[in-house]
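Colleague: I have a chain here and would like to go through its fold before planning anything. Could you take my questions one by one?

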Amino acid sequence: MPQSVQVRNTHELYYLNTQRAQEKMERPEKGLKQRLRVCVATCNRADYSKLAPIMFGIKSQPEIFDLEVVVLGSHLIDDYGNTFRMIEQDEFDIGSKLHTIVRGEDEAAMVESVGLALVKLPDVLQRLAPDILLVHGDRFDALALATAASLMNIRILHLEGGEVSGTIDDSIRHAISKLAHYHAVCTRSAERHLISMCEDHSHILLAGCPSYDKLLSAHKRDDYADIIKSWIGDEVKEQDYIVALQHPVTTDIKNSIKIYELMLDAIISFNKKTLILFPNIDAGSKEMVRVMRRKGIEQHPKFRAVKHVPFDQFIQLIAHAGCMIGNSSCGVREAGAFGTPVINLGTRQTGRETGENVLHVRDADTHNKIYHALELQFGKRYPCSKIYGDGNAVQRILKFLQAIDLSEPLQKKFCFPLVKECISQDIDHILETQSALAVDLGGTNLRVGIVSMKGKVVKKYIQLNPKTFEERIELILTMCKQAMVDAVHLNCRILGVGVSTGGRVNPQDGVVLHSTKLINEWSSVDIRTPLSSALHLPVWVDNDGNCAALAEKKFGHGKGIENFVTIITGTGIGGGIIQHNDLIHGSTFCAAELGHIVVSLDGPECMCGSHGCIEAYSSGLALQREAKRLHDEDLLLVEGMTVNNKEQVNAIHLIHAARLGNSKAESVLHTAGTALGLGIVNILHIINPSLVILSGVLAEHYENPVRHVISQRALFSAQGTKIMISELEDPALLGAASMVLDYTTRRTF
């Protein structure tokens, strides 16, 4: 392959960037380097548990780092345990204490607290003049910190960005991520979320959760029994008590208070010793405390209500609990490290990655439902989960800090998709239908369509596909320009152009690397540049199989399905794979070449040059080949069939003959269906999708044979996979359009 077309997909580019960053970290510095002045700001007991391991690591290397500690938020409030004392007990020098909380525990108080913090922080940050500020998580206090630092040109390292939960915390977390210059994330999914949010790959570190550095060895302490006795009671045994921690959901305060009351009723009925922690300072917490006191929880013999437990002791209590209940992130994150059963109530943690130890009760609308969850979970043990870390996060973060180049420009850069700027049209957008120009390069026909946001093909244009490159590009441009003129009269606003073509495609650069034999002179071809330059629109290009999968995801059976496969059964056999909501391209853009799965070692020759591929048995060309063979041997026609001498024998004749009882034709179709079924069985065993969609003109003829082969040949756990026939009339056009519509409206596919 020429050097000019050697390309890498997003994952390869990211790997190279991180590799370079790693080499940069490990490269020894020449001469002495000034100590990095790091300011760690902590707002509450929860974020301190994540920041403390990093603070200890920074403190242990005084020759490299200069640590400053700022304490604010609920740390300094008596009702929440005056938790700044545990920072002092850990022998950290607190450089500044900022009283930033406006009491009231409602929405207005949170806003006023952010404002108060913004008033007080500038003086502190100006005096400390840190090189970098460490900010954790998604609290409103952290938003004030990030806002102040970014406006004062202080570099920000954000911990635990990119995660997803179910409250206003999501918006705050993502806002902090956009203000931050560097990111240390806990999971691969969080890393990918930040990348999709256009954050610089080289400024993202997949570190794991810092608290896991202590968690993964914490349950081996010998004094855990003494800790249980001191907090819950002398008579309480291991795995025979509950830890409850429920916080208000600021976007649904009324319902979260109701859930809190139902949780207390269920725990009272369950009649097990319970350590219950007071909720955090978010809006609604005051009402929750009133509910607790109205039910007499603080005096109840089965409850121990506390404002704060030191983190190292809290770890022990969680590790040896019979169950944890509530909506704290500790339940869906840290508790998994011990296999402690967890009941997660409501929507506060919706979207978080969890281990199998978590039982979700999202609609916690009855006391009985929560009580039944307690019956199911209490006393069980689950495998320990390392979703959020492997115990080496601090080491990675310290190395990452050392690698920060303070001479780099402070201005943050975002990695937006590489598309040409659209030339906006002076027209009332409100009255227009947002649409895409979709181009389908088939082996015979060239089709262009105007496709609306709802998947309606407003107008379609069809011409025979020319044989040479120059003629083909010229015809595409002519048809697209005509469609753009017509779009104005149809009140459609064209957002961009999507191209579906056969062969292997690099969608990042808009280049066809290797095409099929059906489209000659169409290899190592840059489609994007001539179309974008002439039409003044952004252009997306992808393989027709991938486009079919995208069409199903946006408009068809794949809508809302996380993992599925689309298989096109037409002139050739192709397809696309959606895994974890992402289209899979592969390292060299060769993924989902499903037609070239080999199902026989000595089968017929395929157009790819191999033997025994699915396409050699089940494609329209394969059926046409067999139809011609039978016709030449006078074995095709049966009573009721005729073939005109000028008519070319094709797959339709074979199918017609089989329907009329031709046993030879039936045998050919049975073999073709079996070959396709075997290929799909291989797919089920490799990627285990929840749905397989058969698309194309031959799909309905293969549905039953495929189902039969799966029932006979697939592993039992894969036999229940749904097989569906596509209901889309133009999957290639719709898929090409979906690339445009999703990207230009800031959605992702």
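**The chain and its parts**

Modeller: Of the 749 residues of the chain, 54% count as buried, where buried means under 20% relative accessible area, exposed over 50% and partly exposed in between, with a 1.4 Å probe and protein chains only. This is a predicted model, in which local features need pLDDT of at least 70 and side-chain atom pairs count only at pLDDT 80 or more, while totals for chains, interfaces and linings use all residues. Residues are numbered from 1 along each chain as its sequence is written, and side-chain values use heavy atoms, with hydrogens and water left out.

Colleague: How many helices and strands are there in the chain?

Modeller: Helices (H or I, at least four residues) and strands (E, at least two) are DSSP runs, numbered from the N terminus. The C-alpha atoms fill a box of roughly 95 × 55 × 55 Å along the principal axes. Within the chain there are 24 helices and 26 strands.

Colleague: Among contacts between residues at least 6 apart in sequence, what percentage join residues at least 24 apart?

Modeller: Contact means heavy atoms within 4.5 Å. For the contacts you describe, the share that joins residues at least 24 apart is 68%.  The burial figure for the chain is a separate count, at 54%, and the contact figure asked for is 68%.

Colleague: In β5, which residue is the bridge partner of L134?

Modeller: Strand β4 (residues 132-136) and strand β5 (residues 155-159) run parallel and are joined by five bridges. The partner of L134 in β5 is L157.

Colleague: In β15, which residue is the bridge partner of A436?

Modeller: Strand β14 (residues 433-441) and strand β15 (residues 445-452) run antiparallel, with seven bridges between them. In β15, A436 has as its partner V451.

**Buried elements**

Colleague: Why is β9 largely enclosed by the rest of the structure?

Modeller: K273, L275 and L277 point one way from β9, T274 and I276 point the other way, and all are buried. β9 is largely enclosed because the number of its residues that are buried is five of the five.

Colleague: Which residue in β9 stands opposite V243?

Modeller: Strand β8 (residues 241-245) has five of its five residues buried. β8 runs parallel to strand β9 (residues 273-277), and five bridges join them. Opposite V243 stands L275.

**The largest cavity**

Colleague: Which helix gives the most to the lining of the largest cavity?

Modeller: On a 1 Å grid over the protein atoms alone, a cavity is a set of points where a 1.4 Å probe fits but cannot get out, and lining residues have an atom within 4 Å of a point. The volume, the space filled by probe spheres set on grid points joined across faces, edges and corners, is about 680 Å³ for the largest cavity. Its lining has 39 residues, with N44, R45, A46, D47 and S329 nearest the centre. Five residues of the lining come from the helix that gives the most, α2.

Terms used: Two strands pair if DSSP finds at least two bridges between them. On a 1 Å grid over the protein atoms alone, a cavity is a set of points where a 1.4 Å probe fits but cannot get out, and a pocket is an open set with protein on both sides within 12 Å along at least five of seven lines; lining residues have an atom within 4 Å of a point.
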